[in-house]
Amino acid sequence: MPDGPRRDPEPEETSPEAPASGPDAPEGPDPAAATATTERELIDVLADAAIEMPWPEEAIEQLLVEWCSHAVDATISVEIVPAPPPDASFVFGDARYLVARRPFGGEPFSSLDRRVLTALATMATASKHAARRDEHLRRRALTDDLTGLWQHGFFRELVEEVMIERHSEYLGVLFLDIDRFKELNEQFGHLEADEVLQEVGARLRYGPFPEGSIAARMGGDEFAVVVRKVEGQEHLDGIVEELTRLLRAPIPVGDLMLSIDVSIGAQLSISAADDPELLLRSAERRMRDNKRSRPGQRPPRWYDEGTLLREMLDEGRVRVAFQPIVDLRTGAIHGYEALVRGQHLEVGQVSPLLLVGSASKLRMLDELTEVVLDSALATMREVERLASAPPALSINLEFEQLRSGSYLLETLPQRLEGTDVHLVLEISERHVARWTPSQRILAGELADCGIGFAVDDFGVGYSALGLLNSWPWEWVKVDRSLVAEGGGEAGRTLLGHVSHLLDDLSLTPVAEGIETAQELGYARSIGVGLGQGTLLAPPAPASAVLAAVTEHGLRLPHLEPHLGQHLDHPD
C-alpha cells in the first residue's frame with residue numbers, strides 16, 4: 001500500500017527578474033496572468049462595494065455607476081426602461097434598470113460580466129430597501145401614530161432648522177385648537193373623536209400652505225404649523241382664513257357628517273434672529289386670546305348625510321365650476337370639464353369628493369349628475385352662442401351609473417337637443433377594466449347619438465393596456481402623477497412612453513394637472529395635444545367663463561409667453 005498521498009513533482013522556481021527566453025517563449029503578456037489580474041480587480045471592486053453596504057441613500061445610483069464602470073469595460077447608466085440586446089440590463093430598486101452598453105459589433109458581455117453587474121445591482125437594491133426601511137422607522141419614531149404629523153418634540157427641532165436656513169424668508173407660525181373638543185369625546189366616544197383628529201391631520205398635511213411648510217400635533221386636539229415663504233401679514237391672514245374654511249368643512253364619521261370650529265393663533269416672523277420657542281408661545285397665546293374673545297363657541301355639529309345632501313340639492317347649492325381643456329399647440333380652448341361644487345348654509349363648503357361619496361352611498365348619484373349636467377349645458381349653450389363655435393363638454397360619470405334602464409342616460413340625447421355641444425362622459429380608469437358586455441352595448445347606443453367616452457385618471461389605477469383597445473375613447477386623460485414636475489425624471493419619461501403608445505393607438509391624450517411652465521413645455525415637447533391645469537386655467541364659475549369668452553372667444557391669451565407664439569386676439 002502506498003505510504004501517503006501521491007505528490008506531483010514541484011515546479012522549478014523561476015526568478016521574476018529573469019523572464020523566460022528562447023524560441024518557445026510567448027510574445028507579450030501571459031494570458032493566464034492577465035486573467036488573474038482582472039479577476040483580482042473584480043474581487044477588489046466587489047469587496048469595496050460590499051464593505052460600503054448599505055450605500056448612502058443620496059449616492060446609490062452614482063456609486064452603482066462608478067463601481068460598474070470599474071468592473072466592466074462598458075458605458076454604464078441608470079434608466080427607467082431596459083435596453084434591447086446586445087446591451088445588458090439589470091433590474092434594481094423600483095422600476096429602474098442598470099444598463100451596460102458596448103459599441104455595435106464589439107465584444108459581447110461575458111457570463112462573468114453579467115454576474116458582476118448583477119451582484120452590484122443587487123447591492124444597490126438592498127441599499128435602497130435599507131434606506132427606505134430606516135426612513136420608515138425614523139418617521140414612526142418621530143411622528144404621531146394617530147395623525148401622521150410630526151410629534152411636538154421633533155417639531156421644535158424642525159422649527160430650529162428652518163430658522164437657520166431661512167435667510168431673509170418670512171415665516172408664519174400657527175397654533176390651532178379644536179373648539180369644545182371635550183364634548184365630542186364625552187358625547188360620541190373616543191373612536192369617533194379619533195376619526196376627527198385623523199381627518200384634521202390629513203387636511204393639515206395637504207393644507208393651503210406653500211411648499212416646505214411643516215405641521216405637527218402638539219398634543220390632544222392642538223396642532224401647530226410653520227408656514228414657509230410668507231409674503232407678509234396679509235398673506236398669512238389669508239392662509240388662516242382658507243385653513244379655517246378647510247377645517248370647518250364636513251367630516252364623514254359613520255353615517256353622519258360632523259362640522260367643527262377651530263381657534264387659530266398666527267405669529268409672523270420677519271427675522272432669522274427670532275427665537276423659535278417664543279414664536280410658538282406667541283402663536284399659542286394668540287390662539288387662546290381668540291378663543292376667549294368668542295365665549296359662545298359652537299360645539300361640534302352633527303348632520304344626517306342624506307338630509308345635508310337633500311338640502312343642498314333642493315336649495316340650489318350644488319353648483320358647477322368649469323375648467324378648460326386646452327389645445328397645447330395653439331392655446332385654443334377645445335372644451336370644458338364640468339366640476340361639481342357644493343356650499344351648505346351652516347357647514348360651508350363641501351368638498352367634491354365628499355359630495356360624490358355621499359351621493360353614491362345614498363344612491364343619489366344620478367340626481368346629483370342631472371343637476372351638474374343641466375347647469376353645465378345651459379352655460380355651454382351660451383358659450384356656443386358667444387363664440388359662434390360649439391365646445392366639447394365633459395362630465396364625470398361614476399362606473400355604477402353606467403347601467404341599463406338609467407333615466408339619466410336614456411334622456412341624454414333629449415337634453416342635447418338644440419345644441420351642437422359635444423358631450424363626453426369621463427369614467428375613471430380604475431373602473432373601466434370592469435366593463436360588462438351590457439355596459440358596452442349601452443355605451444355603443446350613446447355613441448350612436450354622438451356622445452363620447454373618455455378614460456379618466458389613467459396611470460393611477462389598473463393601467464391595463466387592454467382597456468385602451470376595448471373602446472374608441474374620445475380622450476385618455478393622463479393623471480397628474482405622470483405629468484407632475486415633482487414626479488421626477490421617471491414620471492416624465494413614463495409620460496413620454498404613454499403619449500407615444502396612445503398616439504400609436506390613434507387615441508388622444510390629455511395631460512391633467514399642468515401647474516408649471518416646465519410641465520407645459522415637457523408635455524408639448526413630447527407631442528401631447530391637449531391639457532388641463534391651473535397654469536392653463538383654474539376652475540371658474542359660469543359667470544367668469546362667459547365673461548372670458550365674451551372678451552377672448554375660445555382662446556387663452558395669457559398662455560402666449562408659455563407657448564412661445566402669438567395668439568390671435570379678437571378685434
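Biologist: Which strand gives the largest share of the lining of the largest pocket?

Modeller: This is a predicted model, in which local features need pLDDT of at least 70 and side-chain atom pairs count only at pLDDT 80 or more, while totals for chains, interfaces and linings use all residues. Residues are numbered from 1 along each chain as its sequence is written, and side-chain values use heavy atoms, with hydrogens and water left out. Strands (E, at least two residues) and helices (H or I, at least four) are DSSP runs numbered from the N terminus. The largest share of the lining, five residues, comes from strand 13.

Biologist: How much space lies in the largest pocket?

Modeller: On a 1 Å grid over the protein atoms alone, a pocket is an open set of points where a 1.4 Å probe fits, with protein on both sides within 12 Å along at least five of seven lines; its lining residues have an atom within 4 Å of a point. Grid points are joined across faces, edges and corners, and the volume is the space filled by probe spheres set on the points. For the largest pocket this comes to about 1800 Å³.

Biologist: Which residues lie closest to the centre of the largest pocket?

Modeller: Elements giving two or more residues to the lining include strand 13 (333-344) and helix 10 (352-361). Of the 48 lining residues, the closest to the centre are Leu339, Val340, Arg341, Pro352 and Leu353.

Biologist: How many aromatic pairs does a search of the whole structure find?

Modeller: Rings of Phe, Tyr and Trp (its six-membered ring) pair if their centres lie within 6.5 Å; planes under 30 degrees apart count as stacked, over 60 as edge-to-face and the rest as tilted. The search of the whole structure gives a total of three.

Biologist: How far apart in sequence are the parts that the pair of Trp55 and Trp67 ties together?

Modeller: The pair is tilted, at 4.9 Å centre to centre and 50 degrees between the planes. Trp55 lies in the loop between helix 1 (31-51) and helix 2 (60-71), and Trp67 in helix 2, so the parts tied together are apart by twelve residues.

Biologist: Is Trp55 buried or exposed?

Modeller: Buried means under 20% relative accessible area, exposed over 50% and partly exposed in between (1.4 Å probe, protein chains only). The relative accessible area of Trp55 is 2%, so Trp55 is buried.

Biologist: How many disulfides does the count come to?

Modeller: A disulfide is a pair of cysteine sulfur atoms within 2.5 Å. Among the cysteines, Cys68 is buried at 0% relative accessibility, whereas Cys449 is partly exposed at 45%. By the distance rule, the count of disulfides is zero.
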